[in-house]
Amino acid sequence: MRSLKHMLALVAVLAPLIAAQPAAADETVGSIASPDGRLVVTVLIQAEGRLAWRAERDAKPLVKPSRLGLLLTNAHQLDGGFELAESQHSEHDETWEQPWGENRLVRNHYRELALDLVQPVPSGRHLTLRLRVFDDGLGFRYELPEQAALPIARISDELTEFDIAEPATAWWVPAGERLVLEYPVQRTPLAEVGLANTPLTLRTQSGVHLALHEAALVDYAAMWLRKVQGQKLRAQLAPSASGAAVYKHGAFTTPWRTLVVADSAAGLYESNLTLNLNEPNQLGDVSWVHPGKFIGIWWDMHLQHSTWSSGPQHGATTANARRYIDFAAANGIQGVLVEGWNIGWDGHWVGSESAFDYLHAMPDFDLDAVAAYAKAKGVQLIGHHETGGNVARYEAQLDAAYALCERLGIGTVKSGYVTDAGTAQFANAGGTGTHFGFTESQEGVRHYLHAVQEAARYHIAVDTHEPVKDTGLRRTWPNWISREGARGQEYNAWGDPINAVDHEVNLVFTRMLAGPFDYTPGVLSLEGANGRKLNSTQAKQLALYVLIYSPVEMAADTIENYARWPASFQFIKDVPTDWERSKVVAGEVGAYAAIARQDRRSADWYLGAITDGTARTLELPLGFLASGRYRAEIYRDGEQADYRNEHRFDIVIEQRIVQAGDILSLRLAPGGGAAVRFTPVRN
Ligand code: NOJ
């Protein structure tokens with residue numbers, strides 16, 4: 001057997017010199033089932049010793065044989081000539097606790113198969129393929145040990161494929177395009193996907209729901225997915241500025257390549273597979289990380305009523321910051337974000353021209369006085385570090401910038417990397433000059449995590465805008481509290497186009513599968529710059545606080561607008577941002593969603609429901625409630641409500657007494673929603 005494989009390996013290496021060989025039959029080298037037995041993953045060695053995998057669910061093909069392997073620029077490909085040296089099965093079942101999150105407790109139950117594969121020719125290189133199969137999906141990664149036969153790996157690309165067996169519909173955003181992750185979600189047949197980012201959501205003809213993504217993206221290039229043929233997608237690594245996409249020295253593991261598998265859209269959302277494939281908390285006690293809500297000197301600038309830059313319209317003045325702090329203190333809002341506080345906003349601030357200074361404030365902003373005022377009022381100041389994509393400039397100041405924040409009691413920093421794809425500025429090796437690169441490249445990925453790790457040293461949580469996609473690293477570094485990574489509310493101020501009526505409902509079962517999103521909901525005025533009308537009813541803005549999870553959740557509108565809408569604002573004041581548990585009560589990808597979450601600090605439950613442009617009545621079973629009666633405070637669309645006209649402000653706020661056995665019937669207007677607070681009634 002060994003000598004036959006050896007022969008095949010030799011054939012692979014000498015392939016260009018040898019006439020085509022008859023195809024050998026696929027050989028199964030390992031197989032593993034999920035704990036419930038429904039999902040089975042099999043690893044194959046195909047003709048010429050090439051690796052492949054396939055998956056079945058309920059004994060039906062789910063993923064057809066799909067390639068595995070890595071392409072190198074400095075050595076023979078890790079493709080072909082493989083034989084199995086050893087395999088190990090194991091099972092793991094634990095429940096771990098999140099310091100903050102959608103759920104306090106997370107069960108991590110999987111079966112694992114580790115295959116040690118060897119390429120005897122040319123030099124006896126080893127590669128371990130590690131697979132974990134859960135009831136709700138699978139993950140696998142490549143692990144390369146330290147080995148003389150491959151001291152350095154320059155990886156130009158991966159051969160990892162996902163060949164989906166059944167015809168499927170896909171929801172996806174393009175990759176490698178100018179706006180990075182900030183595109184409307186497209187819905188196409190899977191066969192029409194081009195180059196996609198992840199998570200990529202699929203629904204097969206028979207109703208199986210799938211999400212392709214990656215977990216634990218550390219010191220590696222982000223994975224895009226490219227259509228190869230039919231319904232087959234192949235990994236494509238985000239490019240680097242200098243040749244191979246990934247450079248590795250010694251032993252390394254790749255991120256996990258993941259496929260969540262569920263019977264429904266709800267099952268996709270409720271999966272914890274991505275978090276489970278990340279390493280446990282490395283920071284220990286993170287009681288210094290504070291989930292909460294914040295307002296900010298922010299929307300006003302997106303409306304072009306005030307400016308980030310200096311001048312008569314400058315938004316971040318000492319006086320304005322005090323007004324926001326007063327409003328936060330009076331309304332029980334934990335934080336105030338101030339953008340445009342520092343030097344660097346004048347002139348062109350993107351890319352190599354960025355002159356941001358994270359240590360010095362504009363002359364009309366007294367940083368020390370504002371920080372002291374916030375502290376005296378019991379309000380957290382939220383720092384802002386816009387980099388304009390100039391990573392090199394930011395890294396040079398990182399240490400001092402975070403030290404300053406810690407000294408001032410700034411416990412959360414919102415960072416930003418506004419620049420077009422491929423135009424971030426990274427420091428050259430040796431320290432002089434910069435070069436262009438993708439934020440999703442290996443060096444971009446390294447930077448984001450480095451910033452989070454540095455911030456942790458100063459007890460600072462980070463909310464990254466224009467980030468690399470979320471792959472669950474909040475489990476390992478729980479101070480990575482939130483991020484953007486999709487089209488946010490800001491597009492409703494100035495976007496061309498603004499967010500479509502189905503945008504947020506698309507996000508629930510696509511972007512939100514990755515992790516928290518600082519979407520910045522709560523624009524009760526329903527108006528962007530120059531009178532643009534949001535594609536939303538007022539009730540939907542409230543519902544987003546429950547649907548679009550973020551532990552730091554902005555009340556995005558101006559304080560003047562909140563003063564205009566006190567009744568609706570009450571829900572924003574009440575809704576928590578940290579949850580004991582979460583449950584999808586109803587949902588279809590891209591159409592509607594209703595999610596219920598229990599407050600981590602009380603027995604209250606909250607529910608948010610939204611629809612696309614179609615009015616719907618959702619019949620929602622309240623089985624998630626504990627026994628006993630609850631008072632439901634309901635914020636729902638009025639009878640006339642419609643996002644297309646002035647009735648988008650029609651909102652009914654009413655109370656009902658409900659209990660677990662009830663069905664709550666909620667009518668959602670076109671572009672509408674509903675938000676509900678359930679409080680136990682004490683007899
Ligand atoms: C884009 C961010 O998403 C937004 O929140 C911020 O206000 C601007 N960049 C300026 O930093």
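## Overall size and fold

Along its principal axes, the C-alpha trace spans about 80 × 65 × 45 Å. This is a predicted model, in which local features need pLDDT of at least 70 and side-chain atom pairs count only at pLDDT 80 or more, while totals for chains, interfaces and linings use all residues. Residues are numbered from 1 along each chain as its sequence is written, and side-chain values use heavy atoms, with hydrogens and water left out.

The chain has 13 helices and 38 strands, which are DSSP runs numbered from the N terminus (helices H or I, at least four residues; strands E, at least two). Among contacts (heavy atoms within 4.5 Å) between residues at least 6 apart in sequence, 70% join residues at least 24 apart.

## Buried residues and nonpolar cores

Buried residues, those under 20% relative accessible area with a 1.4 Å probe and protein chains only, make up 61% of the 683 residues. The largest nonpolar core has 185 residues, and Trp53 and Tyr402 have the most contacts inside it. Helix α7 (residues 391–408) gives the most to this core, with eight residues. Apart from this core lies another, of 24 residues, including Ala586, Leu607, Leu625 and Ala674. Such a core is a set of buried Ala, Val, Leu, Ile, Met, Phe, Trp, Tyr and Cys residues joined through side-chain atoms within 4.5 Å.

## The largest pocket

A pocket is an open set of points on a 1 Å grid over the protein atoms alone, where a 1.4 Å probe fits, with protein on both sides within 12 Å along at least five of seven lines; lining residues have an atom within 4 Å of a point. The largest pocket holds about 730 Å³ of space, a volume being the space filled by probe spheres set on the points, which are joined across faces, edges and corners. Of its 33 lining residues, Asn103, Asp136, Glu270, Ser271 and Asn272 are the closest to the centre.

## The second largest pocket

The second largest pocket has a volume of about 580 Å³. It is lined by 36 residues, of which Glu182, Val418, Glu466, Glu490 and Trp494 are the closest to its centre. Elements that each supply at least two lining residues include α4 (299–302) and β24 (380–386).

Key: Buried means under 20% relative accessible area, exposed over 50%, partly exposed in between (1.4 Å probe, protein chains only).
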